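Hi,

Here is the structure I promised to pass on.

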Amino acid sequence: WEFSAEFAKGTQTATSWWAEYKWTRDWQAISRSNSLLRGLAANKTLSQTDKNSITAESRFLRALFYYDLICFYGRVPLLDENSPMENPPREEISKVLAFMREDVEFAINNLKHTFGGESASKGAAYMLKLRIAQYENDHQTVVDAAKEIQRLGYTLYPDFVKLFLEEGTTDASNKEIILKIN
């Protein structure tokens, strides 16, 4: 909240600096994901395995930024890699959520499982699936996704103080961090 006293006080509006910044940054990220997906579709040099991996990362990130948008703004326009560049209306949240769930499922099926949180991973995709399910009050999916995260080997870091310091975030034995977002 250090960047916006309006948000800290609860007096923000649609024209508040932070609201505009957040909207712009999330849409830039979604646009970049869509551009990458368009480029991958036309690419003839990458293997299908590499295309699937890059597509999974891009779709995961697109879903993550859509999640941020709907949590903050509610209804938002829905643009995929084939959408014309125009000013579409805001979609119903249920339609955006369904789109996000498709992206997340693709990511789960095509991302590798890695620890450290430095890039999109199967664990991060399951965590986003869990967060989307929480948003929808889908308790069974929350439980199922949490169990999958646990099966992947994520566990609580034993030193709570170090967890939030560089020492803990860079510790190779740290199996708690699923995705680092700076």
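Below is what turned up, starting with the ground rules and moving from the core to the rings.

Keep in mind that this is a predicted model, so to speak of local features I needed pLDDT of at least 70, and side-chain atom pairs count only at pLDDT 80 or more, while totals for chains, interfaces and linings use all residues. Residues are numbered from 1 along each chain as its sequence is written, and side-chain values use heavy atoms, with hydrogens and water left out.

Helices here are DSSP runs of H or I, at least four residues, numbered from the N terminus.

Leaving out residues up to four places away in sequence, Phe60 touches Ala107, Leu111, Ala120, Ala124, Ala125, Leu128 and Leu179; contact means heavy atoms within 4.5 Å.

Then there is Asn34, in helix 2 (residues 17-42). Asn34 counts as buried because its relative accessibility is 5% (buried is under 20% relative accessible area, exposed over 50%, partly exposed in between, with a 1.4 Å probe and protein chains only). Beyond residues up to four places away in sequence, Asn34 touches Arg62, Leu79, Asp80 and Glu81.

Now the rings. The whole structure has 8 aromatic pairs (Phe, Tyr and Trp rings, the six-membered one for Trp, with centres within 6.5 Å; planes under 30 degrees apart are stacked, over 60 edge-to-face, the rest tilted). One of them is Phe72 with Tyr73, edge-to-face at 4.8 Å centre to centre and 70° between the planes. Phe72 is partly exposed at 31%, and Tyr73 is partly exposed at 22%. Phe160 and Phe164 also pair edge-to-face, with 5.3 Å centre to centre and 70° between the planes. Phe160 is exposed at 60%, and Phe164 is exposed at 59%.

Phe72 and Tyr73 also belong to one aromatic cluster with Trp23, Trp27, Tyr66 and Phe99.

Finally, the charged end of Lys22 sits over the ring of Phe72, 5.2 Å from its centre (NZ of Lys or CZ of Arg within 6 Å of the ring centre and within 35 degrees of the ring normal). Lys175 does likewise over Phe115, with its charged end 4.6 Å from the ring centre.

Cheers

Notes:
Helices (H or I, at least four residues) and strands (E, at least two) are DSSP runs, numbered from the N terminus.
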